[in-house]
Amino acid sequence: MAESDLYNGPLDPRTVVGFHHVELSYGGTKALDDVSFRVTNGEFVCITGPSGAGKSSILRLITMDAFPTAGQVIVRGMISTRMNRGSIPRLRREIGFVFQDFRLLEDRDVYENVAFAQLVVGIPGAEIKRNVMRVLTQVGLWQKRRQMPRTLSGGEQQRVAIARGVVNSPKILLADEPTGNLDPAVAQEIVDLLFEINDGGTCVVFSTHDHDIVRSFGRRVLLLEHGRLVSDEERRLGDRRKSRLTDGMYRPREEIEREARARETAAARQLEGE
Amino acid sequence: MFKPTQTAYILKESLAGFHRRKLTTGVTILIMGSALLVLSLFSIVTINIGALLDHARTGIDVRVFLDDAMDDVAASELHRHLSALPGVRQVAYVSKEQALVEFRRELGEETELLDAMEENPLPASFHVVLTEKAVDADRQREIADDMRRWPGVADVAFSEEWARLLDHWRSVFTTATLIIGLVVFIAAVFVISNTVKLTVAASARAVEIMKQVGATNAFIRTPFLVEGLLEGLCGGLFAMAVLIAAHAVLRPSIAGLIFFTPAQIAGFVVFCLGLGLLGSWAALHKYLRL
Ligand SMILES: Nc1ncnc2c1ncn2[C@@H]1O[C@H](COP(=O)(O)OP(=O)(O)OP(=O)(O)O)[C@@H](O)[C@H]1O
Ligand SMILES: [Mg+2]
């Protein structure tokens with residue numbers, strides 16, 4: 001049984017991000033047009049396409065910094081069209097974000113930059129220390145924790161930003177052109193770090209306009225052009241799944257969960273049998 | 001509402017503006033403090049003028065003119081009645097003859113007209129002095145109306161003009177204080193919102209990161225609100241400190257100077273806190289997009 005068969009519609013609890021016929025217009029121009037895809041737990045997804053194709057727009061929709069003008073975005077069970085604004089902070093605590101230009105706080109050192117993300121959501125002091133140490137060790141910058149951002153190289157600054165992005169143990173890490181400002185060797189290190197984070201179970205959405213890099217990853221690639229999703233490797237596996245995507249949309253959640261569990265046990269049994 | 005680490009962060013960040021922009025913050029507090037000082041000076045002057053006017057009014061008297069037909073029994077009964085009226089301090093009887101003597105004295109040289117008269121044309125009267133409590137014009141009118149209803153009273157004359165004049169000056173000063181209060185209010189809110197605006201601008205990236213990692217809007221706003229609150233407090237305390245010092249110096253030389261009561265000082269400080277809060281709220285409303 002193909003792994004994708006374990007999953008059903010976008011309300012499947014394993015669906016981390018679901019886009020359902022999403023359109024996003026800024027004024028008159030459509031930045032995204034009829035975009036549908038689904039990202040499941042622990043996946044590493046690359047979004048690629050030329051400048052202005054709508055990559056950043058997709059990431060903004062995931063953090064509910066923007067809302068679709070048509071269609072629905074579902075992130076960890078929260079539905080864009082039925083979302084109350086007060087629950088957006090709760091959603092964002094499950095999402096880490098890394099930018100092309102790092103966006104570190106220049107007046108705070110490495111440690112404080114990472115701790116900041118924990119501080120402002122109210123994590124107790126002792127826990128902050130433990131978590132910051134863990135992630136700074138992971139990105140290899142614990143030794144430089146007392147340095148100011150401007151004394152670090154671009155690659156190091158991006159590692160700090162990644163540490164900040166994952167310190168709250170998000171379920172999803174969004175990286176918007178994280179390698180855009182880095183030379184190829186350093187870019188590869190950053191990509192490897194993101195793979196490592198993904199191996200730890202965090203779902204990673206990686207956006208870049210560099211189509212060739214992404215090809216070499218051997219991961220799922222969504223290709224955008226002029227706001228349209230022109231190819232999705234998983235979609236090309238078969239149209240069957242595409243129709244499932246829309247079918248599952250309005251089914252009761254309990255039913256979907258029950259089915260997902262049933263499929264899971266069936267799969268486990270099958271594995272045991274082998 | 002906020003966790004301990006968050007509260008510590010808020011307190012630290014509220015003082016960030018004071019740290020990073022000592023000059024701007026200092027000037028803000030100074031401008032606001034001076035404006036508040038002007039306002040409190042005017043309030044003090046108004047309070048004291050009010051007290052002076054009240055005091056001046058105690059000299060106001062009422063004349064109750066009597067019918068010539070009134071006999072002594074009726075007159076002494078009226079005397080008792082007038083003395084018992086609330087708001088009356090003192091009642092003195094002025095006979096027809098005394099009235100004529102007084103009138104002659106007032107006229108001075110030109111007494112031929114009076115000499116030509118066969119009969120004394122002046123009525124007898126009661127000279128009524130009001131207490132301080134009865135100083136406002138409305139209360140005086142009540143007293144006069146009460147007196148007029150009494151049989152044998154021909155007319156009541158009281159210094160309505162004078163009372164009106166005093167009321168006029170009081171309202172001029174009260175209005176002036178209110179207008180200055182309004183100007184100070186707007187100026188204070190403006191200067192505070194201006195400095196908080198700078199802090200908002202300087203914190204743009206931190207705000208962006210906070211939003212991104214899921215800090216609540218209330219949490220993001222609070223340090224800015226507290227900054228405005230603190231600036232308002234400092235401005236108010238500055239004005240009060242100067243005023244209290246000035247009062248200590250001047251008190252010996254100005255007898256009867258009335259100063260703010262402790263409750264009024266507390267109210268003034270609360271007012272300054274409100275100004276600070278309003279100033280930062282205005283800045284956030286305009287410059288912080290969440
Ligand atoms: N806030 C905005 N207001 C108006 N138009 C916008 C806004 N943000 C994005 N757009 C438009 O939407 C389209 C998609 O933008 P988006 O930033 O998603 O592209 P992108 O793929 O991330 O591009 P890049 O590779 O240059 O970052 C573009 O045409 C852009 O001009
Ligand atoms: Mg972009």
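This is a predicted model: local features need pLDDT of at least 70, side-chain atom pairs count only at pLDDT 80 or more; totals for chains, interfaces and linings use all residues.
## Ground rules

A residue is buried here if its relative accessible area is under 20%, exposed if over 50%, and partly exposed in between (1.4 Å probe, protein chains only). Helices (H or I, at least four residues) and strands (E, at least two) are DSSP runs, numbered from the N terminus.

As for bookkeeping, residues are numbered from 1 along each chain as its sequence is written, chains are lettered from A and ligands numbered from 1 in the order in which they are written, and side-chain values use heavy atoms, with hydrogens and water left out.

## Around ligand 1

Let's begin with the ligand. The shell of ligand 1 consists of Tyr26(A), Ala31(A), Pro50(A), Ser51(A), Gly52(A), Ala53(A), Gly54(A), Lys55(A), Ser56(A), Ser57(A) and Glu177(A); to count, a residue needs a heavy atom within 4 Å. By class, that makes four nonpolar, five polar and two charged residues. The classes work like this: Ala, Val, Leu, Ile, Met, Phe, Trp, Tyr, Cys and Pro are nonpolar, Asp, Glu, Lys and Arg are charged, and the others, Gly among them, are polar. Helix 1 (residues 55–62) of chain A is the top contributor to this shell, giving three residues.

Now for the polar contacts, meaning pairs of N or O atoms within 3.5 Å; within protein, one atom must be able to donate a hydrogen and the other to accept it, and sequence neighbours count only if both atoms are side-chain atoms. The side chain of Ser51(A) puts an N or O atom 2.6 Å from an oxygen of ligand 1. Gly52(A) uses a backbone N or O atom, at 2.8 Å from a ligand oxygen, and Ala53(A) does likewise at 3.2 Å. On its own, ligand 1 has 640 Å² of accessible area, and the protein covers 56% of that. Those areas come from the Shrake-Rupley method with a 1.4 Å probe, and for residues only the protein chains shown count as cover.

## Strands of chain A

Strands pair when DSSP finds at least two bridges between them. Chain A has an open sheet of four strands, ordered 2-1-4-5, with antiparallel pairing. Its edges are strand 2 (29–40) and strand 5 (78–79), each pairing on one side only. Inside the sheet, strand 1 (residues 15–26) and strand 4 (residues 70–75) run antiparallel and share five bridges; Phe19(A) has Val73(A) in strand 4 as its bridge partner. Arg76(A) sits in the loop between strand 4 and strand 5. Although not a glycine, Arg76(A) has a positive phi near 45 degrees, and at 31% relative accessible area this residue is partly exposed.

Which residues of strand 6 (residues 95–98) of chain A lie on each side? Ile95(A) and Phe97(A) are on one side, Gly96(A) and Val98(A) on the other, and all are buried. In a regular strand the side chains alternate between the two faces of the sheet. Strand 6 of chain A runs parallel to strand 7 (residues 172–176) over four bridges, and Ile95(A) has Ile172(A) as its bridge partner there. The loop between strand 6 and helix 3 (110–119) of chain A holds Arg103(A), another non-glycine with a positive phi, about 55 degrees.

In strand 3 (residues 125–130) of chain B, five of the six residues are buried. This strand pairs antiparallel with strand 1 (residues 61–66) of chain B over five bridges, where Val64(B) is opposite Phe126(B). Strand 2 (residues 88–94) of chain B also runs antiparallel to strand 3, with six bridges; here Val94(B) is opposite Ser125(B).

The side chain of Ser280(B) lies 3.2 Å from the backbone oxygen of Leu277(B).
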